[in-house]
Amino acid sequence: MRMGLATALLLCPLACSVPAAAQSKVNIEQNFADSLTALPKEELAVAGGFYVPAYSSVAMSQGKLRVDFSVTLSVHNASETQPLVVKRIAYFDTAGKQVESYLKAPVALKPLATVSIFIPTDDVRGGTGANFLVDWAAASEIAEPAVEALMVGGVANAHYAFISQGRPTRTAGKN
């Protein structure tokens, strides 16, 4: 019994550690320096954006159980020859409120390079309807980037992983 109490006292500081929301921000420029290149000197002639659904929490068991997931957003430059400028990566919660912005300034990805954002399982600020907006541009015609979120989590002995593909943000309406 004393051993169990001693173990609980030792682990208590871990349970009370700094929450994910207060942890330091992702530094794309530093963490992905090998994937980046100089911004193009030419005017950015083409641009686009993606909406990426992300599920940091999912209701299960008739809504009686909430399972939390880690989320990895990846932005892939699908061009073999041109840099892709990433202008914005922003994370929003279920209510549409911005939770986090991951770029201080635009960055350029080398051809076929990738940058990622990781949200740990214990960061549930996004909720069941979390999403990302990713804005990009290029100096000339370019292959559209691949943008997707990978969610990984589990409960008891069951583990789940699934991908949510980004959807281009285009205005829908009459022609």
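I started with burial: a residue is buried under 20% relative accessible area, exposed over 50%, and partly exposed in between (1.4 Å probe, protein chains only).

**Ground rules**

I noted that this is a predicted model, where local features need pLDDT of at least 70, side-chain atom pairs count only at pLDDT 80 or more, and totals for chains, interfaces and linings use all residues. Residues are numbered from 1 along each chain as its sequence is written, and side-chain values use heavy atoms, with hydrogens and water left out.

**Overall layout**

I looked up the secondary structure and found two helices and 12 strands. Here helices (H or I, at least four residues) and strands (E, at least two) are DSSP runs, numbered from the N terminus. Along the sequence, the pattern reads α-α-β-β-β-β-β-β-β-β-β-β-β-β. Of the 175 residues in the protein, 35% are buried.

Then I checked contacts, meaning heavy atoms within 4.5 Å. Among contacts between residues at least 6 apart in sequence, 76% join residues at least 24 apart.

**The core**

Next came the largest nonpolar core, which has 31 residues. Such a core is a set of buried Ala, Val, Leu, Ile, Met, Phe, Trp, Tyr and Cys residues joined through side-chain atoms within 4.5 Å. L73, V75, V86, I89 and F132 have the most contacts inside this core. The elements giving two or more residues to this core include β2, β5 (84-92) and β9 (131-138). Which strand gives the largest share of this core? I found that β4 does, with five residues.

Leaving aside its neighbours within four places in sequence, V86 touches V75, L103, P106, V107, L109, V134, D135 and W136.

**Salt bridges**

I wrote down the rule: a side-chain nitrogen of Lys or Arg within 4 Å of a carboxyl oxygen of Asp or Glu. The structure holds four salt bridges. One of them joins D135 and R88, with the closest N and O atoms 2.9 Å apart. D135 sits in strand β9 and R88 in strand β5, so this pair ties together parts that are 47 residues apart in sequence. D135 is partly exposed at 24%, and R88 is partly exposed at 30%.

I then turned to D123 and R125, whose side chains meet in a salt bridge at 2.8 Å, N to O. Is D123 buried or exposed? It is buried, with a relative accessible area of 4%, whereas R125 is partly exposed at 29%. E100 is linked with D123 and R125 in a network of salt bridges.

**Aromatic rings**

For rings of Phe, Tyr and Trp (its six-membered ring), a pair needs centres within 6.5 Å; planes under 30 degrees apart are stacked, over 60 edge-to-face and the rest tilted. By this rule I get three aromatic pairs. Y55 and F162 make a tilted one, 6.0 Å centre to centre with 50° between the planes. Y55 lies in the loop between β2 (46-53) and β3 (57-60) and F162 in strand β11 (residues 158-165), so the pair ties together parts 107 residues apart in sequence. Y55 is partly exposed at 31%, and F162 is partly exposed at 28%. Ring pairs link Y55, F69 and F162 into a cluster.
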